Structures are given as structure tokens and as C-alpha cells.
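Let's take a friendly walk through a protein structure, one piece at a time. Please keep the sequence and the 3D view open as you read.

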Amino acid sequence: MSNDNPLLTMTAEQIMCQKVITVPSDWSVDRLARFLTDKAISGAPVVNTAGQLIGVVSFSDIVRQAGSGLVDMARRDNDFYSSLYSTMDETLSPEDQRSFHDIIDQSVLVNDIMTPMVFEVSLETPLIQVAEAMVKGRIHRVMVTKDGSLKGVISALDLLKVMTL
């Protein structure tokens with residue numbers, strides 16, 4: 001890698017999304033799915049009633065829980081899930097949104113399906129370390145924090161955008 005590689009020269013603070021949308025841990029998964037599709041985002045940090053960061057939740061978590069029996073998604077075909085994964089950062093069609101919401105058990109909460117481990121980096125973390133954390137952790141987003149407070153989010157797409165400048 002050359003020294004002008006942005007992964008080596010830029011920090012988390014320079015590319016993070018500062019407008020972080022969080023979701024409460026006590027929302028139903030149905031409400032979460034509606035929220036994610038309405039906002040056209042693939043996931044969000046989860047906060048408890050005190051506003052503390054306690055996890056991360058995404059469409060992948062909703063789909064993964066289908067296999068555990070928590071959420072009944074047997075009525076959807078494979079094409080739906082393939083298109084869901086390939087269009088995570090695009091808005092789902094109104095028909096897909098309705099279908100997605102219709103199959104989610106109202107009693108399952110965000111707290112039941114979220115990933116409780118949060119990958120955090122500081123504002124000063126070099127992007128190469130952010131990228132390495134994403135690869136090693138097989139994750140799509142990291143939280144940027146300062147003194148335990150959430151300051152921003154970096155997604156894999158954010159890193160790809162920097163690399164293509």
C-alpha cells in the first residue's frame with residue numbers, strides 16, 4: 001500500500017456518519033423492521049432505557065432469527081432473502097416491505113435478536129484498523145465512541161466509498 005492510501009492516512013472521525021439513528025431494545029421486531037425500511041438503512045445501534053449503547057441490530061439479525069424459530073419466515077422464498085441482502089442500502093419495494101412485516105412475530109423484541117457485542121473504535125482510529133476490525137469480526141459497521149459516548153457509525157459501504165475516491 002502506498003502512503004497516499006486513504007485507509008492509512010484518514011481516521012474514523014473523518015468518514016463516520018455523525019447522524020446516528022439508534023433504536024430502543026424494547027421495540028418489537030416488527031417495529032424495528034418498519035423503522036429500518038422506512039429509514040432505508042440496514043441496521044442501527046441499540047440503546048437501553050438509560051440511552052447506553054448495548055448492541056447492534058440489522059436485517060441480518062431478523063433473518064438469522066428465522067432459523068431459530070423466534071420469527072416465522074417460512075412463507076418467504078429464497079429470492080426475497082437474496083434480494084434483501086443485495087439491496088441492504090436501497091429501499092425495499094412497498095410490496096416487499098409489507099410482506100416482510102406480515103411475517104414477523106409481534107412478541108419478539110429487539111433485545112431478543114440484537115448482537116450484544118459492539119465493535120467500538122475511537123475518533124482517532126486509522127481507517128486501516130477499522131477495516132481490519134470489520135474483516136476479522138465479520139461485521140458491517142463499527143461504532144465510533146469517545147468516553148463511552150456514541151459519536152458516529154462507519155459502515156462497510158463508507159469504507160468502500162473512501163477507497164474509490
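Asp30 and Arg34 sit four residues apart in helix H3 (residues 29-39), so about one helical turn separates them. Helices here (H or I, at least four residues) and strands (E, at least two) are DSSP runs, numbered from the N terminus. Before going on, note that this is a predicted model, in which local features need pLDDT of at least 70 and side-chain atom pairs count only at pLDDT 80 or more, while totals for chains, interfaces and linings use all residues. Residues are numbered from 1 along each chain as its sequence is written, and side-chain values use heavy atoms, with hydrogens and water left out.

Asp30 and Arg34 form a salt bridge, with their closest N and O atoms 3.1 Å apart. The term salt bridge means a side-chain nitrogen of Lys or Arg within 4 Å of a carboxyl oxygen of Asp or Glu. Asp30 is buried, at 7% relative accessible area, whereas Arg34 is partly exposed at 38%. Buried means under 20% relative accessible area, exposed over 50%, and partly exposed in between (1.4 Å probe, protein chains only).

How many salt bridges does a search of the whole structure find? The search finds two. Asp61 and Arg64 make a salt bridge too, at 2.4 Å from N to O. These residues lie three apart in helix H4 (residues 59-68), so about one helical turn lies between them. Asp61 is buried, with 3% relative accessibility.

**An aromatic pair**

The structure holds one aromatic pair. Trp27 and Phe35 form this pair edge-to-face, 5.0 Å centre to centre and with 70 degrees between the planes. Rings of Phe, Tyr and Trp (its six-membered ring) pair if their centres lie within 6.5 Å; planes under 30 degrees apart are stacked, over 60 edge-to-face, and the rest tilted. Both Trp27 and Phe35 are buried.

**Around strand S5**

Now turn to strand S5 (residues 141-146). Five of its six residues are buried, so S5 is largely enclosed by the rest of the structure. On one side of the story is strand S4 (residues 120-121), which runs parallel to S5 and is joined to S5 by two bridges; Glu120 has Met143 as its bridge partner. Strands pair if DSSP finds at least two bridges between them.

Strand S6 (residues 149-155) runs antiparallel to S5, with six bridges joining them, and Arg141 stands opposite Ser155. S5 and S6 form a hairpin with two residues between them, and Asp147 in the turn has a positive phi of about 50 degrees.
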